[in-house]
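Thank you for making the time this morning.

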Amino acid sequence: MIELPEAYVLANQLNQAFLGKTIVSAAANTSPHSFAWYSGDPALYNEKLAGKKITGTAAYGGRPEMYADDMVISFSDGVRALRLTAEEKRPDKHQLLLEFDDGSALCCTVQMYGGMMAFPNEPNNDFYYNVAKEKPSPFSEAFDMAYFDGLFEGIKTSLSVKALLATEQRIPGLGNGVLQDILFNARIHPKRKAQSLSDDERDVLYNAVVSTLKEMRDGGGRDTERDLFGKPGGYNTILSNKTVAYPCRVCGSGLKREAYMGGNIYYCPGCQKI
């Protein structure tokens, strides 16, 4: 799933691969998927995008996007974006295929669910898109300790640290995937009640959020995800489905995986005591 680090990596790679190139054709929803989302009628994507030149890219929260003249092409969640050369065969099934004037292509498929939006570059009413643009990114100076402390104001005593960080768009793009290593680095159990954290623990958690996400971004994304060129990210996850069978790298305890809040959590019972 695209989360903060992968969004920034993909935005940079999209810029590298397609800047200055013109979309020759756009095919959307040729392989219908129940949980593939579009802006309006996908049958109109060719009319919207053909002839548009890529002028830049950006990332907001967990959403990388391209600017095609007056249009925005925005990707979210479970979209798998792959750059294809002129010589490479196009997959038989895809949810969005953009062909460019140099023969290259951008092929997007949806795993569980995901959005491939195309809309005019002007204000819109997409809540998730707008909140991702409005809230400060952990990669920015505006995401400081004072801002982080504000996330704790008015929360319920029952709210867990996982729920605080990874729900309600409090930190857009910080999802369940990147959360695991953040909490390991902070030595905080994901089920710990957020209000039980001391001031020192909040400081540690804040620093873990910022430093872990930057390490993931600078490493080219997590090794559980693939980039625009089909390669796994260069950041080796500490806690994920790739590591759960091995002992903790710090204390040697057996790592745990549990279902919690509609997804899996990974933790070390030795390092992250509840």
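What volume does the second largest pocket have? The second largest pocket comes to about 160 Å³. Before I go on, please keep in mind that this is a predicted model, in which local features need pLDDT of at least 70 and side-chain atom pairs count only at pLDDT 80 or more, while totals for chains, interfaces and linings use all residues. Residues are numbered from 1 along each chain as its sequence is written, and side-chain values use heavy atoms, with hydrogens and water left out.

A pocket here is an open set of points on a 1 Å grid over the protein atoms alone, with protein on both sides within 12 Å along at least five of seven lines, a cavity is a set of points where a 1.4 Å probe fits but cannot get out, and lining residues have an atom within 4 Å of a point. Grid points are joined across faces, edges and corners, and a volume is the space filled by probe spheres set on the points.

The lining of the second largest pocket includes M1, I2, E6, L10, D77 and R80, and β5 provides its largest share, four residues. By class, this lining has five nonpolar, two polar and five charged residues (Ala, Val, Leu, Ile, Met, Phe, Trp, Tyr, Cys and Pro count as nonpolar, Asp, Glu, Lys and Arg as charged, and the others, Gly among them, as polar).

The largest pocket holds about 1200 Å³ of space. Its lining has 42 residues, of which M1, E3, Y113, G175 and N176 are the closest to the centre. Helix α6 gives the most to this lining, with four residues (helices are DSSP runs of H or I with at least four residues, strands are runs of E with at least two, and both are numbered from the N terminus). The lining of the largest pocket divides into 16 nonpolar, 17 polar and nine charged residues.

Why is α6 described as largely enclosed by the rest of the structure? It is because eight of its eleven residues are buried, where buried means under 20% relative accessible area, exposed over 50% and partly exposed in between, with a 1.4 Å probe and protein chains only. Those buried residues include V178, L179, I182 and F184, and what covers them includes α1, α5, α7 and β9, with contact meaning heavy atoms within 4.5 Å. Just after α6, R187 takes a positive phi of about 60°.

That brings me to the cores, where a nonpolar core is a set of buried Ala, Val, Leu, Ile, Met, Phe, Trp, Tyr and Cys residues joined through side-chain atoms within 4.5 Å. The largest nonpolar core has 39 residues, and those with the most contacts inside it include F148, L165 and L213. Helices α5, α6 and α7 each supply at least two residues of this core, and its largest share, seven residues, comes from α7. Leaving aside residues up to four places away in sequence, L213 touches L4, P5, P138, F139, L174, V178, I182 and A208. Another core, of 32 residues, lies apart from the largest one, and Y38, M66, I73 and F100 are among its members.

Finally, E141, in the loop between α3 and α4, is exposed, with a relative accessible area of 78%.
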